Amino acid sequence: MLDAPYPTPGDNPASERDRRFMALAQRAADEARRAGEVPVGAVIVLGDEVIATGFNHPIRGHDPSAHAEMAALRAAAQKLENYRLPGCELYVTLEPCLMCAGAIMHARIARVVYGATDPKTGACGSVVDMFANQQLNHHTTVTGGVLADECGHALKNFFAERRRLAREERDARRAREAAANPSESITNPTTT
């Protein structure tokens, strides 16, 4: 059964269980951040046992499919020795994209719980709603907005830091160029 329309972060009184597992997904997201990747983390739970974790690593892995959800799905399938994961729940810090939503459905995940919405690629209602399509043969329950503020802040802080470092690098490069060509920087100042 689908929880549609999905609750917005302010409307969702998450259960203590959901918050506990989302906190574990946040720890996985921290691993991605430490590796220089976009901080998205996921855990897969069967009953009350975490059977797999995953975090974003497409840059390091040179793999466009290496999203947190995909890594967790692969690990869970290996642990259960089955490509189907019925009865499992997936907790992820960012709303899944289309690729991940497709894999979640193929794996027969029973429930997806996500933190922050993704207004650019979200496939749980932000851009498209894959899980509400009644023509598909598997239906996954979705709960959105669990620890949304915390998950969203981690992403915003990551990208703000990335922009700050890029500015510092650009400014340092300009300073080196100006020092190497002092007469040129006076007659031809660098513009932003």
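## Basis of the model

The model is predicted: local features need pLDDT of at least 70, side-chain atom pairs count only at pLDDT 80 or more, and totals for chains, interfaces and linings use all residues. Residues are numbered from 1 along each chain as its sequence is written, and side-chain values use heavy atoms, with hydrogens and water left out.

## Fold

Six helices and five strands are present, assigned as DSSP runs (helices H or I, at least four residues; strands E, at least two) numbered from the N terminus. Their order from the N terminus is α-β-β-α-α-β-α-β-β-α-α.

Contact denotes heavy atoms within 4.5 Å. Of the contacts between residues at least 6 apart in sequence, 59% join residues at least 24 apart.

## Nonpolar core

A nonpolar core is a set of buried Ala, Val, Leu, Ile, Met, Phe, Trp, Tyr and Cys residues joined through side-chain atoms within 4.5 Å. The largest one holds 41 residues, of which Met22, Ile44, Leu73, Leu85, Leu90, Ile109 and Phe131 touch the most other members. Elements giving two or more residues to this core include α1 (16–34), β3 (88–94) and α5 (148–180).

Leaving aside residues up to four places away in sequence, Met22 touches Tyr91, Val92, Thr93, Val113, Tyr114, Gly115, Val146, Leu147 and Cys151.

## Position of Val127

Val127 lies in the loop between β4 and β5 (141–143). With a relative accessible area of 46%, Val127 is partly exposed.

Note on methods:
Buried means under 20% relative accessible area, exposed over 50%, partly exposed in between (1.4 Å probe, protein chains only).
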